[in-house]
Amino acid sequence: MNLYFAANPDGSWVLVDAGVPGSAHKIREATAELFGPDSRPSAILLTHGHFDHIGAVKELAEEWDVPVYAHPMEMPYLTGQSSYPPPDPTVGGGAMAYMSFAYPKKPINIKNRLELLPSDGSVPVLEGWRWIHTPGHSPGHVSFFREEDRTLIVGDAFVTRDGESALAVMTEKREVHGPPAYFTSDWGSAHHSVEALCDLEPEIAAAGHGKPMRGQELRQQLERLVQDFWLVAVPKTGRYVHEPAVVDEFGVVSVPPPASNPVPKVLVVAGAVALAGLAWAAWGKRGGNHKGNGYNKKSRQQYTQRPYSHNRALHSVPPTIDPDHDDPNEHTNNYP
Ligand SMILES: [Zn+2]
Ligand SMILES: [Zn+2]
C-alpha cells in the first residue's frame, strides 16, 4: 500500500498514512532521503485507520513526538473503543480478499497522540489543502485535496489498481477501481464519496493502493466508476451489499449477518429436504387424515415474523468491547 509525504514551500511537511505493520524503518529511510537525516514531520494525517494505513503510526508518532490527525468518526477505531465492522471474505476477487481473515483485528490505541481534523475543512500544517469526508470504505474516511494544482490524496475511497487481484498487485497496472471490497462496509456511502471526488475534477490522484494517475485518463475512468459503480465496484454478493454496517461516533452499532457460504447452504437445504421427507413418510405411516397440501400457514407466518435478532444495539453491552472476543454466537461488533 502507499503513504505520502506532503510538504510546504517553507520545508515543513506531514506524513499521510503510516504503512503496513513493520514499515517504520522504511518510512524513516524515505524521510531521511527526502528531507534530510534529522528531519521530522509536523504531524501525521490519517485517511483512515485500517491496519495497512496505520502500521507504523504509533511508533513514529512517539519517536517524532507529533500529533496524529483523523476524522471524528474514525476515533473509536484508533482509541481501542471499537473494532471495525468485520471484513467480508466472501466478496471474491482474489487473494487479497481471501486472505482478509488473517488481517489484524484488534483496534489500536493512539489516544494520547490523536487530534481531530479541524471542522472548517482546513488541513493542519498543509497550506492550501482541505480534507473531504469520504465515508463508505470506513466511517471516518477522508481524502485530501489541493485546489491550486488539483492534487488529490484519495486514501481508499477509490484505488488505481484492481485492488483484490494478486496479478494487478504484481503488475501495478494503473486503472481506477472502487474501494477495496473486503473492508468496505457501506456501499451507498462509498458511491457518494466517489461521486464527490469525481466532481473535484482532480488532475492527480494518489490513492492508497496503486500508482498515481493523472489527467484526462484519470477523470474519464473516475466518471465511468461513478456511473457504473453498482455494476463494477460493488460485489455481486457479500455481507454489506444489501445492508450497511450501522455505526455512530462510539463505533459499530450493528452489522448484517455474515454472508452465507454457498456450500454449507446447499448442505443445509439438502438436510432440510431429507428431514421433510422423513416427516412426510412418518405422517403417511400414521395414516393421518390431513388432506391439505401440507402448507402450514401458521408456521410460515411465524417464520416471516421471526424477530431478526442478529443485530442489537450496543447500548445493552458494556461500552468497552473486548477486542479479543470472537465467539460467533455472540453478536457484538467484533469479528465473527
Ligand atoms: Zn482501507
Ligand atoms: Zn488500504
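Q: What should I know before I start?
A: The model is predicted, so local features need pLDDT of at least 70 and side-chain atom pairs count only at pLDDT 80 or more, while totals for chains, interfaces and linings use all residues. Residues are numbered from 1 along each chain as its sequence is written, and chains are lettered from A and ligands numbered from 1 in the order in which they are written.

Q: How many helices and strands are there in the protein?
A: Start with what counts: helices (H or I, at least four residues) and strands (E, at least two) are DSSP runs, numbered from the N terminus. Here you'll find nine helices and 12 strands.

Q: How many of the residues count as buried?
A: A residue is buried if 20 or more other C-beta atoms lie within 10 Å of its own, exposed if 12 or fewer, and partly exposed in between; C-beta atoms are placed from the backbone. In this protein of 336 residues, 39% count as buried.

Q: What about contacts between residues 24 or more positions apart?
A: Two residues are in contact if their C-beta atoms, placed from the backbone, lie within 7 Å. Take the contacts with a separation of 6 or more: 67% of them come from residues 24 or more positions apart.

Q: What is the order of the strands in the open sheet that holds E1?
A: First, two strands pair if DSSP finds at least two bridges between them. This open sheet has five strands in the order E1-E2-E3-E4-E5, and its pairing is mixed. Its edge strands are E1 (4-7) and E5 (114-116), each pairing on one side only. Axes are lines fitted to C-alpha atoms, for helices over the stretch in contact, and angles run from 0 to 180 degrees between N-to-C directions. With direction ignored, neighbouring strands of this sheet are turned by 30 degrees against each other on average.

Q: Which pairs inside that sheet can I look up?
A: Phe5 stands opposite Leu15 in E2. The two strands form a hairpin with five residues between them, and Gly11 in the turn has a positive phi of about 100 degrees. Then go to E3 (residues 43-45) and E4 (residues 68-70), which pair in the parallel sense over two bridges. There, Leu45 has Tyr69 of E4 as its bridge partner. As a general idea for any regular strand, the side chains alternate between the two faces of the sheet.

Q: Which strands stand at the edges of the sheet with E6 and E10 in it, and why is one side of each left without a neighbour?
A: That open sheet also has mixed pairing, and its five strands come in the order E6-E7-E8-E9-E10. E6 (129-133) and E10 (213-214) stand at the edges; each has a single partner strand, so one side of each has no neighbour in the sheet. Inside it, E7 (residues 142-146) and E8 (residues 151-155) run antiparallel, joined by three bridges. Phe144 has Ile153 of E8 as its bridge partner.

Q: Where else is there a hairpin?
A: Look at E11 and E12, a hairpin with two residues between the strands. E11 (residues 246-248) and E12 (residues 251-254) pair in the antiparallel sense over three bridges. Val247 has Val252 as its bridge partner in E12.

Q: How do I read two packed helices?
A: You describe them by the angle between their axes and the distance between the axes. For H5 (residues 187-199) and H6 (residues 215-227), the axes come within 9 Å and cross at roughly 150 degrees. Angles under 35 degrees count as roughly parallel, over 145 as roughly antiparallel, 65 to 115 as roughly perpendicular and the rest as oblique. H5 and H6 are therefore roughly antiparallel to each other. The contact is made by Val194, Glu195 and Cys198 of H5 and Leu222, Glu223, Leu225 and Val226 of H6.

Q: Is Asp65 buried or exposed?
A: Asp65 is exposed, because 8 other C-beta atoms lie within 10 Å. You'll find Asp65 in the loop between H2 (57-64) and E4. Asp65 has a positive phi of about 55 degrees although it is not a glycine.

Q: What does Met73 touch?
A: Leaving out residues up to four places away in sequence, Met73 touches Pro135, Pro139, Gly140 and Glu249. Met73 and Gly140 are 67 residues apart in sequence, yet 4.3 Å apart in space, C-alpha to C-alpha. Met73 sits in the loop between E4 and H3 (95-98).
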